[in-house]
Amino acid sequence: MRLLQLSHSDLTRGVEALRKAFRVEAPLPERDHFVFGPLPAGAALDLSAANTRLSAKSVIYPASEKMLRVSLDPAKEDHHVYREADKDYSPRAVLGIRPCDARAFTLVKPNFDNREYRDPYWVRSYECSTFVGLACKSPCSTCFCTSAGGGPFDTAGLDVLLAESGEGFIAQVLTEKGEALAAAAGWSAAAPEGAEAALSAMKAEADARIVSRIETEKIPGKTILSLFDAPFWDDAAFACINCGACTYLCPTCWCFDIQDEAHENEGVRMRNWDSCMFPLFTLHGSGHNPRPNKTARVRQRFMHKLKYYGDKYGGGIHCTGCGRCVTHCPVNIDIRRIASLMNGYEPDNACAL
Amino acid sequence: MTTQLTENIRKIAARLLSEKTVDAVIGFREGSVPLMAEPVIIRDPKDAEGLVFDSFCGVNLANYLPGRKERIGIAAKGCDSRNIVTHLVENQAKRENLFIIGVPCTGMADRRKVRKALGGDVSSAREEGDEIVAAGPAGEVRLAKKEVLQDNCKTCTHRNPVISDEMAGEPVPEQEGVDRYADVRAVEALENEARWKHFEEIMSGCIRCYACRNACPLCYCPTCFVDDSKPQWVGKSLDKTDTRTFHFLRAFHCAGRCTDCGACERACPVGIPVRQFTKKLLKDCEELYGWEAGVLPGVRPPLDVFKLDDPQDFIR
């Protein structure tokens, strides 16, 4: 790890320099919020957002992504054969990503890239990307990253982490990819002596500003069935309207649905984000639905996030504490509240046989 | 601070449950985040103590009625009551199974407006008289509630329930002389191309999460047309035509039924002014049929019936 000092103009010049070697994606203003997207030519990098409304997962894993294309036009080469859709996997710089969203990629990676399966679209999109994070000096009241395994200065999943300091930034260059990006951006001024201590102090201060928590410590010690059969699910799920806002805003929700679409002689196979909150998500071809009601769907979402994920992938929760689902749920379903119900639940007759 | 309305709702709910007038009561409990309250169903009179009512109870509770078989007590604001009337007309609820606790309403706070006024994250909020006192990055701010109302509440003319079994408070004065359709007229005045652009712009950024549809009490179809898979009518990607099809068709399904409760707009996580799709239809129904949805118990909405004196000048 190397510490660099950047002025605001170093950053601005760096972004322009990066455009020569990278596709640059960053938070862009949209209506009353920000979303990640390609930074238009001439546009300045705007790092004013507390966080983007939708997580940065869409950069690697778009809401709708063409996988294959096919043509039925006999005049075309390869007609009637599915071929890979054209994609751009040239180097990409993702600027201004918050530590919670960067860490999310490390949580979803075991799903898309493991010994059994390698999802080519996710893996190539991820591998061509270099992540330049922005530390959170003013976290929101709904941020609970420190109890979800991360923190406002967490470096997991990042190649560079910028922290605003004085008249500029202290940049931690964390990986080889980060070194290559810093070189392309022309960032080379070593941070002054004492920068490391300043960074630690800022980190401690930011950590202390996280006032919200998620309680999950006791969940790994409980059995799946005891939690599954716990009596609180109906009450916890009552308000839920089974929309997809939580899952679509979430940086770690990874489920998708594959669809074919055709127009005249041309067709594509695509995948679109799907949501376990939708009844259609589990509807079988037979008409049977194994998760037939909203209690079953809400339970699935939280059991997956807080129990199944940790059991399957060796600890932790499938949540980075970004707080988006908490802030934007239209009916105030709160993962922190449900986690504390799960964490505190002790079945009456756990050993009565 | 517990308001008198909250106290009264608690008393009525506890009595209804302990006297077994109803099996359950649907209301709100305190939210876990500022400016929100969570819809809740209670069955034990003791749980009535957890019920609340304030300007953060914007969710339309009528949305929780379809499909319920038990006898339900429900706290209903003006708009909720109009959607209950609509449910009764459309056979989604039975009058004899409902005990409507009427809640006079002075409008609901729009959490986006409060967030904007504070310049960011809202860490706490409470209501004091006609003010919302909210704390944000720059400290505590007192906001006049009328400045941060949901847009639909600003032009609401049915703040008092249109139907109830017992009122939880004295009726509030209805707003007089509000211009309900200034926004619609502005769109009507646009040339075709500009109008199309207007709708394209407000629809941009839609993520097809269906929060608008699912928050809407009118959208109780067992399978929505966008979810049908045999056959599949609408594509599932973020293709503009498919997104338009969803929003426009849903709006037309609500013609003559929409009460402008604002649930759709309130629910949208990306700030789409969803009411812009339905409001022209409200205006048309009012002008063509003298109709306001959910106001007359037992009367079917105009697009649901045929009458000899229906205006026919648009059929050519």
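Predicted model: local features only at pLDDT ≥ 70, side-chain atom pairs only at ≥ 80, totals over all residues.

Analyst: Residues are numbered from 1 along each chain as its sequence is written, while chains are lettered from A and ligands numbered from 1 in the order in which they are written.

User: What makes the radius of gyration of chain A agree with that of a compact globule?

Analyst: The radius is taken over C-alpha atoms, and the globule rule is 2.2 Å times the number of residues to the power 0.38. For 353 residues a compact globule would have a value near 20 Å; chain A has 22 Å, and therefore agrees. Along the principal axes, its C-alpha atoms fill a box of roughly 65 × 65 × 40 Å. Chain A has 12 helices and 11 strands, these being DSSP runs numbered from the N terminus (helices H or I, at least four residues; strands E, at least two).

User: Why is B:Tyr210 called buried?

Analyst: A residue is buried if 20 or more other C-beta atoms, placed from the backbone, lie within 10 Å of its own, exposed if 12 or fewer, and partly exposed in between. B:Tyr210 has 26 such neighbours, so it counts as buried. This residue lies in the loop between helix H6 (192–203) and H7 of chain B, and its phi is near 65°, a positive value in a residue other than glycine. Most residues other than glycine have a negative phi, and most peptide bonds are trans.

User: Is A:Arg31 buried, exposed or partly exposed, and why?

Analyst: A:Arg31 has 16 other C-beta atoms within 10 Å and is therefore partly exposed. A:Arg31 also has a positive phi, about 50°, although it is not a glycine. Its place is the loop between strand S2 (23–30) and strand S3 (33–38) of chain A.

User: Which peptide bond is cis, and what is its omega?

Analyst: The bond joining B:Lys230 and B:Pro231 is cis, with omega about 0°. B:Pro231 is in the loop between helix H7 (211–215) and helix H8 (240–253) of chain B.

User: Why does B:Ser123 count as partly exposed?

Analyst: B:Ser123 has 18 C-beta neighbours inside 10 Å, so it counts as partly exposed. Two residues are in contact if their C-beta atoms, placed from the backbone, lie within 7 Å. Leaving aside neighbours within four places in sequence, the contacts of B:Ser123 are A:Ser141, B:Pro34, B:Ala135 and B:Gly136. B:Ser123 sits in the loop between helix H3 (111–118) and strand S6 (124–128) of chain B.

User: What makes S7 and S8 of chain B a pair?

Analyst: Two strands pair if DSSP finds at least two bridges between them. Strand S7 (residues 131–136) of chain B is joined to S8(B) by six bridges, and the two run antiparallel; B:Gly136 stands opposite B:Gly139 in S8(B). The open sheet of three strands has the order S6-S7-S8 (chain B), with antiparallel pairing. Its edge strands are S6 and strand S8 (139–144) of chain B, each pairing on one side only.

User: How many residues of each chain are in contact with the other?

Analyst: In chain A, 37 residues are in contact with 34 residues of chain B.
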